Amino acid sequence: PENPGSAFKFFGCGITGMSIAEASTTGHGTNIIVGISVGMKATFIPTITVAIAVLTAYHLGASTGIGEDGRNAGLFGTAVATMGMLSNAVYILSMNNYGPIADNAGGIAEMSMQPEHVRD
């Protein structure tokens, strides 16, 4: 094929993109409503995944037999799983914040007509 990624783009984004484009023909209000609904549909699978992970962590903690009824152990299992998921946030936030800083520094070096080796 001439463009091998076109099928992926169509089935990944094209159907929702076409529904938003179709809603644009009837007015601004329907465009906003369809755009919000497409955004909400996009968060469904990650929300279910996190909910299943938290419930699984609770049941695994409760099944350890620690404590009298296992409820506290279940809460501890949930806390450990939550800290495990949140421990990645530091890396994600730092990488998201580093990009614009490096881009601004590159722009300043370019505007001040520094030699090319400065940006390397």
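Where is the place of M113? M113 lies in the segment after α5. This report comes back to that residue at the end.

## Basis of the model

The structure is a predicted model, so local features need pLDDT of at least 70 and side-chain atom pairs count only at pLDDT 80 or more, while totals for chains, interfaces and linings use all residues. Residues are numbered from 1 along each chain as its sequence is written, and side-chain values use heavy atoms, with hydrogens and water left out.

## Overall build

The protein chain has five helices and zero strands. From the N terminus on, its elements run α-α-α-α-α. Helices (H or I, at least four residues) and strands (E, at least two) are DSSP runs, numbered from the N terminus.

The C-alpha atoms fill a box of roughly 70 × 50 × 35 Å, taken along the principal axes. The radius of gyration of the protein chain is 24 Å, whereas a compact globule of 120 residues would have one near 14 Å. That radius is taken over C-alpha atoms, and the globule rule is 2.2 Å times the number of residues to the power 0.38.

## Surface and contacts

Buried residues make up 10% of the 120 residues. Buried means under 20% relative accessible area, exposed means over 50%, and partly exposed is in between (1.4 Å probe, protein chains only). The accessible surface of the protein chain comes to about 9800 Å². Carbon and sulfur atoms hold 70% of that surface. Accessible areas come from the Shrake-Rupley method with a 1.4 Å probe; for residues, only the protein chains shown count as cover.

Contact means heavy atoms within 4.5 Å. Of the contacts with a separation of 6 or more, 9% are between residues 24 or more positions apart.

V34 is in helix α2 (residues 28-42). V34 is partly exposed, at 22% relative accessible area. Leaving out residues up to four places away in sequence, V34 touches S19, I20 and A23. P46 is 12 residues from V34 in sequence, and their C-alpha atoms are 20 Å apart in space.

Helix α3 covers residues 44-62 and holds I48. With a relative accessible area of 37%, I48 is partly exposed.

## Helix α4

T78 is found in helix α4 (residues 71-86). T78 counts as buried because its relative accessibility is 17%. T78 touches V54, A57 and Y58, not counting residues up to four places away in sequence.

F76 is also in helix α4. F76 is exposed, with a relative accessible area of 59%. The C-alpha atoms of F76 and S94 are separated by 28 Å, and the two residues are 18 apart along the chain.

Helix α5 (residues 89-111) has 23 residues. From first C-alpha to last, α5 reaches 34 Å, close to the 33 Å expected at 1.5 Å a residue. The expected span is 1.5 Å times one less than the number of residues. α5 is hardly covered: two of its 23 residues are buried.

M113 follows α5. Its phi is positive, about 55°, although M113 is not a glycine. M113 is exposed, with a relative accessible area of 74%.
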